[in-house]
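The sequence and the structure are shown first.

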Amino acid sequence: MSFPTSPRSRRSDGPSRRQVVAGAASGVALATLAPVAARAETMEELVRRVTDGVAPAEGGVKLDIPALVENGNSVDVRIAVESPMTEASHVRWIHLIAEKNPFPDMARLHLSPRAGRAEVATTLRLAQSQTVAAVVAHSDGRYAIATAPVVVTLSACIDGG
């Protein structure tokens, strides 16, 4: 007894189902490589990109972040900038960078004189031990930076049963 062949099985005018699945799989693989390329930038390159090539000065920025955290999923950070926060002299933005995160540009916080104080607090997610930087843009075109190394450890609690 023979079974008739399907007219679809004889088609050759387009990609096969296997070719479509293989193409989709390769697209997913390429998409996962994009963060790897982003991690290749050094902290200096990341900062220069944010400041349009200007080297920021150190000082005037306080980056308060724990030096040792057990879990990188939730790291509290506070940034305070010395600024009168007037129309003539204020902080325009604060940019947070974590060089070893899959996406190192973590946040850009915009401020204006109406903020009253140049202080922000937030929670970050760190992929591993690394240096975190807060880059500040002042209204007069100056840039300032503060950096801090953060060690992310694994949990010390092991359930031995």
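## Overall composition

The accessible surface of the chain comes to about 10700 Å², and carbon and sulfur atoms account for 55% of it. The model is predicted. Of the 161 residues of the chain, 32% count as buried.

Two helices and nine strands make up the secondary structure of the chain. Along the sequence the elements follow the pattern α-α-β-β-β-β-β-β-β-β-β.

An open sheet is formed by three strands in the order 2-4-7, with antiparallel pairing. Its edge strands are strand 2 (61–64) and strand 7 (119–124), each of which pairs on one side only. From one strand to the next, the twist averages 15°.

Strand 2 pairs with strand 4 (residues 75–81) in the antiparallel sense over four bridges. In this pairing V61 stands opposite V81 of strand 4, and the bridge partner of D64 in strand 4 is R78. The antiparallel pairing of strand 4 with strand 7 runs over six bridges, and here D76 stands opposite T123 of strand 7. Strand 4 is mostly covered, since five of its seven residues are buried.

## Nonpolar cores

The largest nonpolar core has 26 residues, of which L63, I65, I79, V81, V91 and I94 touch the most other members. At least two residues of this core come from each of strand 2, strand 4, strand 5 (91–98), strand 7, strand 8 and strand 9 (143–152). Strand 9 gives the most to this core, with five residues.

The surroundings of L63 can be listed in detail. Not counting residues up to four places away in sequence, L63 touches V77, R78, I79, V132, A134, A146, T147 and A148.

H138 is found in strand 8 (residues 130–138). Is H138 buried or exposed? H138 has a relative accessible area of 5%, which is under the 20% limit, and therefore counts as buried.

Leaving aside neighbours within four places in sequence, H138 is in contact with V81, E82, H90, V91, R92 and A144. Two of these contacts, V81 and V91, are also among the residues that touch the most other members of the largest nonpolar core.

## Salt bridges

Side chains of opposite charge can pair when their charged atoms come close. The count for this model comes to five salt bridges. In one of them the side chains of R48 and E44 meet, at 3.7 Å from N to O. Both R48 and E44 lie in helix 2 (residues 43–50), four residues apart, which is about one turn of the helix. R48 is partly exposed, with a relative accessible area of 36%, whereas E44 is exposed, with a relative accessible area of 54%. E44 counts as exposed because its value of 54% is over the 50% limit.

A salt bridge also joins R49 and D105, whose closest N and O atoms are 3.0 Å apart. This pair links distant parts of the chain, since R49 belongs to helix 2 and D105 to strand 6 (residues 105–110), 56 residues apart. R49 counts as partly exposed at 40% relative accessibility, and D105 counts as partly exposed at 32%. R49 and D105 are linked with E41 in a network of salt bridges.

A further salt bridge is formed by D140 and R142, with the closest N and O atoms 2.8 Å apart. D140 counts as partly exposed at 47% relative accessibility, and R142 is partly exposed, with a relative accessible area of 45%.

Note on methods: Residues numbered from 1 in each chain as written. Predicted model: local features only at pLDDT ≥ 70, side-chain atom pairs only at ≥ 80, totals over all residues. Heavy atoms only, no water. Buried < 20%, exposed > 50% of the residue type's maximum accessible area, 1.4 Å probe, protein only. Contact = heavy atoms within 4.5 Å. Pairing = 2+ DSSP bridges. Axes fitted to C-alpha atoms, helices over the stretch in contact; angles between N-to-C directions. Areas by Shrake-Rupley, 256 points an atom, 1.4 Å probe, with all protein chains shown as cover. Salt bridge = Lys/Arg side-chain N within 4 Å of Asp/Glu carboxyl O. Core = buried A, V, L, I, M, F, W, Y, C linked by side-chain atoms within 4.5 Å.
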